[in-house]
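Hi,

Here is the structure I promised to pass on to you. Please open it alongside this message and let me know how it looks from your side.

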Amino acid sequence: MSDKWKVFLVLLVAILLAAAGEALAAKGMKATNPDQGVVAQIRAALGDWHVWCGILLMCGYVLLYVYTLGLAELSLVVPLSAASYLLGVLLAKFYLHEDVEIARWVGTGVIIVGVLITAWSGFNDKSGS
């Protein structure tokens, strides 16, 4: 497997971990009462399994992300990791049942176009990374 494919596959797994972790953490945090104060809210959050699973998944994301930085240039890794925004919006809509306005869909679409351009340039890059 070429290094470029390895970068894309590792980042794909990292992106899935990030989006799932953020959605789980958000679900757990929504169950807390923001009016009870910061300390009480953190205590409540730390007692919720959604938050803990979200933290673990996001830790996995960070480890894979850092690993890809050793495989490819930062200018490729950072924009590609933005693909997690699309998954985040989809999870917000269909898992958290949030009302996602059209402006957020359009903004996410613009980001995804940038991700696709970056991915295309990554495959057409003639350098060794």
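First, the ground rules. This is a predicted model, in which local features need pLDDT of at least 70, side-chain atom pairs count only at pLDDT 80 or more, and totals for chains, interfaces and linings use all residues. Residues are numbered from 1 along each chain as its sequence is written, and side-chain values use heavy atoms, with hydrogens and water left out.

Buried in α6 are T108, I112, V115, T118, A119 and G122 (buried is under 20% relative accessible area, exposed over 50%, partly exposed in between, with a 1.4 Å probe and protein chains only). These buried residues pack against α1 (3–30), α4 (74–81) and α5 (84–94).

The largest nonpolar core has 17 residues, and L11 and L80 have the most contacts inside it. Such a core is a set of buried Ala, Val, Leu, Ile, Met, Phe, Trp, Tyr and Cys residues joined through side-chain atoms within 4.5 Å. Two or more residues come from each of α1, α3 (49–71), α4 and α6, with α1 giving the most, six. Beyond its neighbours within four places in sequence, L11 is in contact (heavy atoms within 4.5 Å) with Y65, T68, V77, L80 and S81.

A pocket here is an open set of points on a 1 Å grid over the protein atoms alone, where a 1.4 Å probe fits, with protein on both sides within 12 Å along at least five of seven lines; lining residues have an atom within 4 Å of a point. Of its 13 lining residues, L12, I15, L80, A83 and V115 lie nearest the centre. α1 gives the most to this lining, with five residues.

Lastly, H97 sits in the loop between α5 and α6. H97 has a positive phi of about 60 degrees although it is not a glycine, and it is exposed, at 65% relative accessible area.

Best wishes

Key: Helix = DSSP H or I, 4+ residues; strand = E, 2+ residues; numbered from the N terminus.
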